[in-house]
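Hi everyone, thanks for making the time this morning. I'd like to walk you through a structure, so please have a look at the screen.

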Amino acid sequence: MTTPLVIIGAGGLAREFHDVVEAVNAVEEAAGRPAAFRFLGFVDPQPSVESRVLSRGPVLGGDEILANLDSATQYIIAISNTSVRGKLDEVASSLGLHATILIHPAATVGRHDNVFGPGTVICANATVTTNVNFGRHVHVDRNVAVGHDTTFENYVSVFPGANVAGNVHAQVGVTLGTGSSVIQGIRIGANSIIGAGAVVVRDIEANVTAVGSPARAIVR
Ligand SMILES: CC(C)(COP(=O)(O)OP(=O)(O)OC[C@H]1O[C@@H](n2cnc3c(N)ncnc32)[C@H](O)[C@@H]1OP(=O)(O)O)[C@@H](O)C(=O)NCCC(=O)NCCS
C-alpha cells in the first residue's frame, strides 16, 4: 500500500527527511513492490521560493492545511526544536492524522524488541541495537549509535554522530548535540540540551544546557 505523506517543515532537515522517503521508496520499487510513500509536499507557513525545496515538492501552506488532508495522509515533522515539534504534533494528531515511522534503508536496526513511536525518524548509517523504547517523533540523525535498553521519551532529538550507550534514559524533549557521548545508565531530565561533543558521565537534571567533558550544566 502506498501512503500519502506530508513533511511538516521546509528547511534543511525537511530536505534530509525527504531523502529518507526517497530511499525507502527506491528499495520498495527495486524489489518490484509499490512505493511506500506518495509525497504530497511540505507544510510550512512561509512558502519557500528556494528551488532546492520546490524541486522536491510543493509547499502546501501552513498548519491550517492539515485540516484539509485526507485522513489516510500521514506526516512526519522535520523541525529540530523539540517543543515546537511537540506543539505541531498536537495540532496534527488532534485532527486525526497519523504520523509515520521512517527508517532509512542504510540504518542498522536490530530485529528484536525495539519499540518506535509514531513519527520516529532514523537516518542513514544510524545504528539502533535492541530493546530500545522510543516515544513519539524521536529523531535519530545520521551516524548516531543507540545502545540496548535505551529509552527516548517523546520528541527527543539526537544530532549527527552522537553515541548513546546502553540503558540511557532521555526524558521528553531532550536534545543530544552532534558528536556527544552518553555513557551507560545515564538519565537526562526533560528538555535538557547536551552540547556538541559533550561527554555525559553523570545524570543531567531537567531544563539545563550541559557542555564539555565531563558534561556540566552552563550556569547563566
Ligand atoms: C550547547 C549549545 C546548545 C549552547 O548554545 P547557547 O545556549 O547558544 O550557548 P552559547 O553559544 O552562548 O555558549 C555558552 C558558553 O558555552 C560554551 N559552549 C557552547 N557550546 C559548547 C560546546 N558544545 N562545548 C563546549 N562549550 C560550549 C561557549 O563557548 C560559551 O562559553 P563562554 O561563556 O565561556 O564563552 C550549543 O553550543 C550546542 O553545542 N548545540 C548543539 C548543536 C548541534 O549539535 N547541532 C547539530 C544540528 S544537525
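Predicted model: local features only at pLDDT ≥ 70, side-chain atom pairs only at ≥ 80, totals over all residues.

Domain 1 brings 22 residues to the contact, and domain 2 brings 23.

How much area is buried between domain 1 and domain 2? It comes to about 1600 Å², and carbon and sulfur atoms give 63% of that. On the domain 1 side, Val20, Thr82 and Arg85 lose the most area to domain 2, together 31% of what that side buries. As for polar links, two salt bridges are found across the interface of domain 1 and domain 2, along with 13 residue pairs in polar contact.

Now over to the ligand. The residues around it include Phe159, Pro160, Ile193, Val211 and Arg220. By type, that shell divides into six nonpolar residues, four polar and one charged.

Which backbone atoms come up here? A polar backbone atom of Thr178 is 2.7 Å from an oxygen atom of the ligand. For Ala196, a backbone N or O atom lies 2.8 Å from a ligand oxygen. Taken alone, the ligand exposes 910 Å², and the protein buries 40% of that.

That's my tour, and I'm happy to take questions!

Note on methods. Residues numbered from 1 in each chain as written. Heavy atoms only, no water. Near = heavy atom within 4 Å. Polar contact = N/O pair within 3.5 Å; in protein donor to acceptor, adjacent residues only side chain to side chain. Areas by Shrake-Rupley, 256 points an atom, 1.4 Å probe, with all protein chains shown as cover. Nonpolar A, V, L, I, M, F, W, Y, C, P; charged D, E, K, R; others polar. Contact = heavy atoms within 4.5 Å. Buried area = accessible area lost by both parts, 1.4 Å probe. Salt bridge = Lys/Arg side-chain N within 4 Å of Asp/Glu carboxyl O.
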